[in-house]
Amino acid sequence: MWREAPNPCSPLGSSNPQHIHEIRIEEELRGECEINRELCLFCSLLVRRGAARSQEIRDGQALSAAMHERYKDSWYDSVVFKEKAITLNPDGTSKTEIWDEALQLPGKLRINKGPSSEGNGFVFVDGTLTTFQKGKASGTRTYVHMLLVLGFDVYRQDTKTTIDQVKGQGFDLTKIHAEKWEGQDAYVVGALKGDLKSKQFWIEKNRLLFVRLIEPDEHDAARIHDSRFRDYRKLSTGWISPRVEFYTDGKNIFNEDYFDIKTNAKCEPALFEPKKFNETTIANNANQ
């Protein structure tokens with residue numbers, strides 16, 4: 001039976017066992033070098049990416065962009081919940097009410113203080129606040145709700161809008177430094193290290209979640225307000241802080257504890273129309 005003659009230049013065609021052995025060793029070494037080269041390239045890429053991330057977040061604008069980029073495709077469009085609104089009085093007593101809240105991102109927040117039938121609450125719509133007492137609008141004014149902007153809207157709206165809102169409220173986005181917050185690394189924007197009086201917001205570094213807002217009182221700059229988002233909970237989409245604490249001059253004066261939290265609920269547009277405050281309720285107009 002005819003068979004093609006072996007190629008003497010091929011390992012399989014060589015009749016020299018030593019030659020075959022040397023070639024196999026050379027191939028194995030070449031393979032190991034290729035693997036090591038790819039591993040080195042991969043490690044180098046990781047280092048460069050890590051360095052790039054560190055270099056990118058050098059101010060509040062870059063941080064706002066990073067927050068948006070992290071969650072723009074995975075954050076909820078709306079969320080409704082009930083809360084225990086706890087007022088802590090100077091004499092040590094406290095008062096607890098059940099409030100209802102509905103958020104439609106970005107820019108819309110409806111709060112009913114107590115039963116809807118009592119007609120008390122707030123409507124925040126695109127930078128305007130309307131307050132209701134006993135079913136009547138008691139005042140309307142311009143108000144940018146920074147907890148809404150930094151805790152929710154930043155993940156769903158254009159980054160430029162967030163930056164414009166933050167700058168417009170007097171935060172210096174060129175100032176940024178690192179701090180620890182509840183054992184985690186955090187970015188602090190708006191103040192230099194050691195300054196706990198200037199307008200500033202704190203963002204947890206790992207998850208890029210808002211955790212703290214410090215602002216002087218708008219009528220008395222010597223009074224410092226400190227709002228804190230705590231105990232973040234992972235939802236089906238996005239995150240929420242079910243515990244919000246409010247301090248003035250270091251004293252805890254008010255807390256919110258959220259429950260019955262529902263994301264991506266269908267909120268009827270009328271829910272956020274001040275003129276229809278008495279005609280709508282959160283429970284009936286925000287369904288899964």
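In this predicted model, P106 sits in the loop between β2 (94-104) and β3 (108-113). The peptide bond that joins L105 and P106 is cis, with omega at about 0 degrees. Another loop worth a look is the one between β9 (200-204) and β10 (209-216), where L208 is found. L208 is a residue other than glycine, yet its phi is positive, near 55 degrees.

Turning to the helices, α2 (residues 60-71) and α4 (residues 159-168) have axes that come within 9 Å and cross at roughly 140 degrees. Angles over 145 degrees would count as roughly antiparallel and those from 65 to 115 as roughly perpendicular, so α2 and α4 end up oblique to each other. The crossing of α2 past α4 is right-handed. On the α2 side, the residues that meet α4 are Q61, S64, A65 and H68, and their partners in α4 are T159, T162, I163 and K167. Sorted by class, this contact of α2 with α4 has five polar residues, two nonpolar ones and one charged one.

Then there is the matter of open space. The largest pocket holds about 1,300 Å³. It is lined by 39 residues, and the ones closest to the pocket centre are Y143, H145, L147, S227 and F246. As for the make-up of that lining, 23 residues are nonpolar, nine are charged and seven are polar.

Notes
Residues numbered from 1 in each chain as written. Predicted model: local features only at pLDDT ≥ 70, side-chain atom pairs only at ≥ 80, totals over all residues. Heavy atoms only, no water. 1 Å grid on protein atoms, 1.4 Å probe; cavity = no way out; pocket = protein on both sides within 12 Å on 5 of 7 lines; lining within 4 Å. Points joined across faces, edges and corners; volume = space filled by probe spheres on them. Nonpolar A, V, L, I, M, F, W, Y, C, P; charged D, E, K, R; others polar. Axes fitted to C-alpha atoms, helices over the stretch in contact; angles between N-to-C directions. Helix = DSSP H or I, 4+ residues; strand = E, 2+ residues; numbered from the N terminus. Parallel < 35°, antiparallel > 145°, perpendicular 65-115°, else oblique. Left-handed = near helix turned anticlockwise from the far one by under 90°. Contact = heavy atoms within 4.5 Å.
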